[in-house]
Amino acid sequence: MSSGLPIMEKEPSSTTLVAALAIAGFLSGIIIIGVYLATFDTIAENKARELREAVFRVLPNVTRMQKLRYDGSELVVLPDNAKDDEETIYGGYNDAGEFVGYAIVNAGPGFQDTVRVIYGYRPAERKVVGMWILESRETPGLGDKIYKDAAFVANFDNLGVDPEIVAVKKGTKSRANEIDAITGATISSKAVVRIMNEAHKKWDARLPVTAPALQQAAE
Amino acid sequence: MAISSKKMNPYDEMMKGLWRDNPVFVQVLGMCPMLAVTNSAINAIAMGLATFFVLVGSSFLVSSLKRWIPKQVRISVYIVIIATFVTVVDYVLLATVPAIHKELGAFIPLIVANCLILGRQEAFASRYPVKLAVMDAIGMATGFLLAMFALGSVREILGEGKLFGVSLFGDNFEPWVIMILPPGGFITLGLLLLLFNWVGERKQAFIAQVAEAERGKA
């Protein structure tokens, strides 16, 4: 509109500029805090439900669970709302409140990013009875078969842990501690096995055959 | 205002985003989410809807507040506004559809850096009345959503033999895995751009032909 003439518009003072940005930031902060508070409970609930479903998935016949933590010498029962850390595992119990097995979470590097695995373990039989992937960014179509391929997941339904779990070429599984690796996703399959072996090594000596009894949680 | 807004029709402003100025196929903006999260139709749609909300909300706010935003800090203020909407979307998705939020992962916060959104604020919303700005944002965001869906469905159909997780071809279909990997994104986008340009050229040629014929008659 005024291409030829240099019109000197009055520069707003720095105070105005700072104030404008400060107000924008302040209002934005209030909105974000509001949304955070409004969604906090639902998000926490989702996470807890996801974990509970995972525990029930890897331990057959389990309908109740409680958090257990290794305090250096033995397993102690934690309240449900306690914060999880590396020493936390989950005890699974059936309808009658009898102990079924432990669910152990461990994470480690996969093909692309960290893979978080949960698996069910029965100390009495020294067997893994189920495995599920909590988190992974493995390649879609290849590495993601570690949780999308039902046949691979079924490998872990009745798996020995002695001397350790071994991934073998698909179709050559012959011993109780072997699983069929996924064709085209050997690294991801081996990552799952390595993560589980690491966790087993760490937890093996710590887990009594019978876990602390189920404490009646307020339903 | 340099340009009179009287001549501008809100409907036209909306429709231009769908085809003539489609943000993806014509302006080639927003390529990062375009290539990254279109490995399935549902992810593509979720991303498209998130972008829709952010773009329309930001355009509305920027256009309504434009009188009070000092020119020197306008880009920073736009970014604050966009980032606020993105954070809202992030938390709401996490609370309502955690599975999809997990799939989209880091790409939701990255909506802030989608040049399509900042571009519309600077080029349009900050210069035109609220009504036009919102219509423009709706058009652009819908154009983006449709493009995301086009890419996402093609890649999911070819790469997994499914659409929205429903198997289309039965068990004998061998999935074309590369289509859901990054190269498949580039290939599909390239082919769609080719198609778009070809259709555009054909249309131009047709219009020219008709004009010629009219002249011949007269």
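## The nonpolar cores

The largest nonpolar core has 49 residues, and those with the most contacts inside it are B:Ala50, B:Val54, B:Val89, B:Ala137, B:Phe144, B:Met148 and B:Leu151. A nonpolar core here is a set of buried Ala, Val, Leu, Ile, Met, Phe, Trp, Tyr and Cys residues joined through C-beta atoms within 7 Å, and a residue is buried if 20 or more other C-beta atoms lie within 10 Å of its own, exposed if 12 or fewer, and partly exposed in between, with C-beta atoms placed from the backbone. At least two residues of this core come from each of H1 of chain A and, in chain B, helix H3 (41-65), H4, helix H6 (115-125) and H7. H7(B) gives the most to this core, with 14 residues. Helices (H or I, at least four residues) and strands (E, at least two) are DSSP runs, numbered from the N terminus.

Leaving aside its neighbours within four places in sequence, B:Ala50 is in contact with B:Val89, B:Leu93, B:Ile108 and B:Ile111, where contact means that the C-beta atoms of two residues, placed from the backbone, lie within 7 Å. A second, separate core of 47 residues includes A:Val58, A:Val115, A:Val128 and A:Met131.

## Basis of the model

This is a predicted model, in which local features need pLDDT of at least 70 and side-chain atom pairs count only at pLDDT 80 or more, while totals for chains, interfaces and linings use all residues. Residues are numbered from 1 along each chain as its sequence is written, and chains are lettered from A and ligands numbered from 1 in the order in which they are written.

## Chain A as a whole

Chain A has four helices and nine strands, and from the N terminus on its elements run α-β-β-β-β-β-β-α-α-β-β-β-α. The radius of gyration of chain A, taken over C-alpha atoms, is 25 Å, well over the 17 Å that the globule rule (2.2 Å times the number of residues to the power 0.38) gives for 219 residues, so chain A is more spread out than a compact globule.

Along the principal axes, the C-alpha atoms of chain A fill a box of roughly 85 × 45 × 30 Å. Buried residues make up 32% of the 219 residues in chain A. Among contacts in chain A between residues at least 6 apart in sequence, 53% join residues at least 24 apart.

## The sheet of chain A

Seven strands of chain A form an open sheet in the order E2-E1-E3-E4-E5-E6-E7, with antiparallel pairing; two strands pair if DSSP finds at least two bridges between them. Strand E2 (75-78) and strand E7 (159-160) of chain A stand at the edges with a single partner strand each, so one side of each is left without a neighbour in the sheet.

Six bridges join E1(A) to E3(A), with A:Gly91 in E3(A) as the bridge partner of A:Gln66.

E3(A) is joined to E4(A) by four bridges, and A:Tyr93 stands opposite A:Phe99 in E4(A). Five residues lie between E3(A) and E4(A) in their hairpin, where A:Gly97 in the turn has a positive phi of about 85°. Eight bridges pair E4(A) with E5(A), A:Ala103 stands opposite A:Gly120 in E5(A), and a hairpin joins the two strands through four residues. Eight of the 11 residues of E4(A) are buried, so this strand is largely enclosed by the rest of the structure.

Helix H4 (residues 186-203) of chain A lies across E4 and E5 of chain A, running at about 120° to E4(A). For these angles, axes are lines fitted to C-alpha atoms, for helices over the stretch in contact, and angles run from 0 to 180 degrees between N-to-C directions.

## Where the chains meet

The contact takes 23 residues from chain B and 21 residues from chain A. On the side of chain B that touches chain A, helix H4 (74-96) and helix H7 (130-160) of chain B each supply at least two residues, and H4(B) gives the most, with 10 residues.

The residues of that side of chain B divide into 16 nonpolar, six polar and one charged, where Ala, Val, Leu, Ile, Met, Phe, Trp, Tyr, Cys and Pro count as nonpolar, Asp, Glu, Lys and Arg as charged, and the others, Gly among them, as polar.
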